[in-house]
Every structure is written in C-alpha cells, then in structure tokens.
Amino acid sequence: VKGPEFVHLKVGTGHRLDVMSSGVFVLALGHGNKQLPDLYNCHLTKDYTVKGFFGKATDDFSDMGRLVEKTTYDHITRDKLERIVAVIQGSHQKALLTYSGIDFKTQEAYELASRGLLRPMQNSPPIITGLRCVHFSPPNFTLEIQCLHETQKYLRRIVHEIGLELKSTAVCTHVRRTRDGFFTLQDSLIRTRWDLQSVQDALRGRGSKGKATLLESGLEPPAGETDRLQARGQRTTTGTLRTAQTGTR
C-alpha cells in the first residue's frame, strides 16, 4: 500500500509480547494512539494459556534456556498441583484488595469483586486474578491465568515456582495471550490477513465494541476520547485500537 494517505500513518503498541510468546497483541493506528493511555489506565485483566513441563530447571525458566537441574516428578499428582495453584491465587487476591484501595469488608468491595471489577487504582506488582489447571498429564501440564501488570517472564517464573513448591522443578514451554482487556483471539487478524481490506473490515465496529465494554464495566475513558479501538494479535495483531495475533510458540 502506498500513496499520500499512508505516508505518515502512526502505529502504536499496547501491552507487549516478548519473542517467546504468542497471541493477542494490540496495535493503535493513526488517531487511535490517543486511546492507548486509556487501555493502560483502565487496568484491565489479560488471559493467558501457559504450558509447563516438570523435571527440569533452566536459567530463564523456559524450555529454551540453559539447563541447570533435573529432578524427579513421579510424586506430583493433580491434587497436589491444584492445592499449590489455590494458594498462589489466594495470596494474589489479598494483594489485589490491598492495591485496589478498597476496604474488603464493605459492600462496595463485595459488589466489585462479584462483577470481576476489582483492580489496582495505580501501578502495582504483577497480580494474578485467576489461576487454574486445565490439563495434567505428567510431565506436562497446562494453566489458564488471568492477570494484571504481568510480563511473560513473570508467568514463566510462576511455572518455575510451582515446580519448587511441589519439591521438583518445572520449565515453561508455551505462553499464549488469549485476551487483552476486551480484545480476544476472535477479534484478531492472523498474519496471512494483514492486508488493507482485512484491516478496514476489522476496524469497523471495534471502536463501538471497546467503548461499550468500558461503559458496561464502569471503566469509561475520559470525555473526548472517542477514537476507534480495534484488537489484533502478535503474529496475530489488534489495532485503532486493533488486534493482531502473534504465533511464535
């Protein structure tokens, strides 16, 4: 695509994905860049599918890192794994209440929690709002994680720490973001569809969807911010805000 209308097209990025991760990656096109601060300031959660492998430890918590230890894992059961998962989630729920600035004994805290709207009012350490094991076939296991303010390396560290808590070791073999705020894989464009017509089609209606979701959630962006939103994933992409899908691993 070329021509005067495309000479100065500004592209901004939302929450980053590192080179070993894949999934939904939000991009902002043109005036949509003004919406990126709203995406950050709303502190919306993100969903990930994370896969692990018991019996190994590496220097970067991934299966591609330098091997530093091998351990047995025959003693690990799904019951034991789910108990550790519950403990981790419980500790993060307490942190979420602390950083939300709301008295957890109040009706307001109960109502926000029941609607899934509890969130930090400022920057905070990584917080896991949901964590469960969806597949267990030793040495392999799969987790679904909902979180805020994370990095993909932090999620790999969680896998490593789960291994240690189970008196073994574990490495992360796969990190895939399946949702970033209100942008999902279904909103995303895979790399083979990164063409002008597909981008235009994807952008139509994304803004209204984004704004409507913010309104329903009580997370409306500041007045005057009406630029369109769309989602895309890394090696799938989202963008004005738009989404792209990325797919390294």
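Q: Which residues of the largest nonpolar core touch the most other members?
A: In this predicted model, the largest nonpolar core holds 24 residues. β4 (46-54), α2 (78-100), β7, β8, α4 and β9 each supply at least two residues of this core. The members that touch the most others are F54, L81, F141, L143, I145 and I162.

Q: With which residues is F54 in contact, leaving aside its neighbours within four places in sequence?
A: F54 is one of the core residues that touch the most other members. Once its neighbours within four places in sequence are left aside, its contacts are Y73, I76, L81, F136, P139, F141, G163, L166, T169 and A170.

Q: How many residues are in the other core, which lies apart from the largest one?
A: The largest nonpolar core has 24 residues. Apart from it lies another core, whose members include V26, A28, C42 and L44. The number of residues in this other core is nine.

Q: What percentage of the residues in the chain is buried?
A: The chain has 249 residues, and its secondary structure consists of six helices and 13 strands. It exposes about 12,700 Å², of which carbon and sulfur atoms supply 52%. The buried share of the residues is 47%.

Q: What share of the contacts with a separation of 6 or more comes from residues 24 or more positions apart?
A: The count takes in contacts in the chain with a separation of 6 or more. Within that set, residues 24 or more positions apart account for 68%.

Q: Are D180 and R177, which meet in a salt bridge, buried or exposed?
A: The structure holds seven salt bridges, and one of them joins the side chains of D180 and R177, at 3.7 Å from N to O. D180 has a relative accessible area of 1%, and R177 has 0%. Because the limit for a buried residue is under 20%, D180 and R177 are both buried.

Q: Which strands hold R132 and E144, the two partners of a salt bridge?
A: The side chains of R132 and E144 meet at 3.0 Å, N to O. The pair links distant parts of the chain, the two residues being twelve residues apart. R132 is partly exposed at 49% relative accessible area, and E144 is partly exposed at 25%. R132 lies in strand β7 (residues 127-137) and E144 in strand β8 (residues 140-148).

Q: How far apart are the closest N and O atoms in the salt bridge of R66 with D59?
A: Side chains of opposite charge can pair when their charged atoms come close. R66 counts as exposed, at 56% relative accessibility, whereas D59 counts as partly exposed, at 43%. The closest N and O atoms of R66 and D59 are 3.8 Å apart.

Q: Why do the buried residues of α5 line one face of the helix?
A: The buried residues of helix α5 (residues 196-203) are S198, V199, A202 and L203. Seen down the axis of α5, these buried residues line one face because they fall within an arc of 130 degrees.

Q: With which residues is S198 in contact, leaving aside its neighbours within four places in sequence?
A: S198 is found in helix α5. S198 is buried, with a relative accessible area of 9%. Leaving aside its neighbours within four places in sequence, the contacts of S198 are L189 and R193.

Q: Which residue places a side-chain oxygen to within 3.3 Å of the backbone nitrogen of Q197?
A: This approach is made at the start of α5. The residue whose side-chain oxygen reaches the backbone nitrogen of Q197 is D195.

Q: What is the omega of the cis peptide bond that joins P138 and P139?
A: Most residues other than glycine have a negative phi, and most peptide bonds are trans. P139 is found in the loop between β7 and β8. The cis peptide bond between P138 and P139 has an omega of about 10 degrees.

Q: What is the phi of K167, a residue other than glycine?
A: K167 is found in the loop between α4 and β9 (170-180). K167 is exposed, with a relative accessible area of 71%. Its phi is positive, near 60 degrees.

Q: Where is H149, which has a positive phi although it is not a glycine?
A: The phi of H149 is about 60 degrees. At 24% relative accessibility, H149 counts as partly exposed. H149 is found in the loop between β8 and α4 (152-165).

Notes. Residues are numbered from 1 along each chain as its sequence is written. This is a predicted model: local features need pLDDT of at least 70, side-chain atom pairs count only at pLDDT 80 or more; totals for chains, interfaces and linings use all residues. Side-chain values use heavy atoms; hydrogens and water are left out. A salt bridge is a side-chain nitrogen of Lys or Arg within 4 Å of a carboxyl oxygen of Asp or Glu. Buried means under 20% relative accessible area, exposed over 50%, partly exposed in between (1.4 Å probe, protein chains only). Helices (H or I, at least four residues) and strands (E, at least two) are DSSP runs, numbered from the N terminus. The arc is that of the directions from the helix axis to the C-beta atoms. A polar contact is a pair of N or O atoms within 3.5 Å; within protein, one must be able to donate a hydrogen and the other to accept it, and residues adjacent in sequence count only if both atoms are side-chain atoms. A nonpolar core is a set of buried Ala, Val, Leu, Ile, Met, Phe, Trp, Tyr and Cys residues joined through side-chain atoms within 4.5 Å. Contact means heavy atoms within 4.5 Å. Accessible areas come from the Shrake-Rupley method with a 1.4 Å probe; for residues, only the protein chains shown count as cover.
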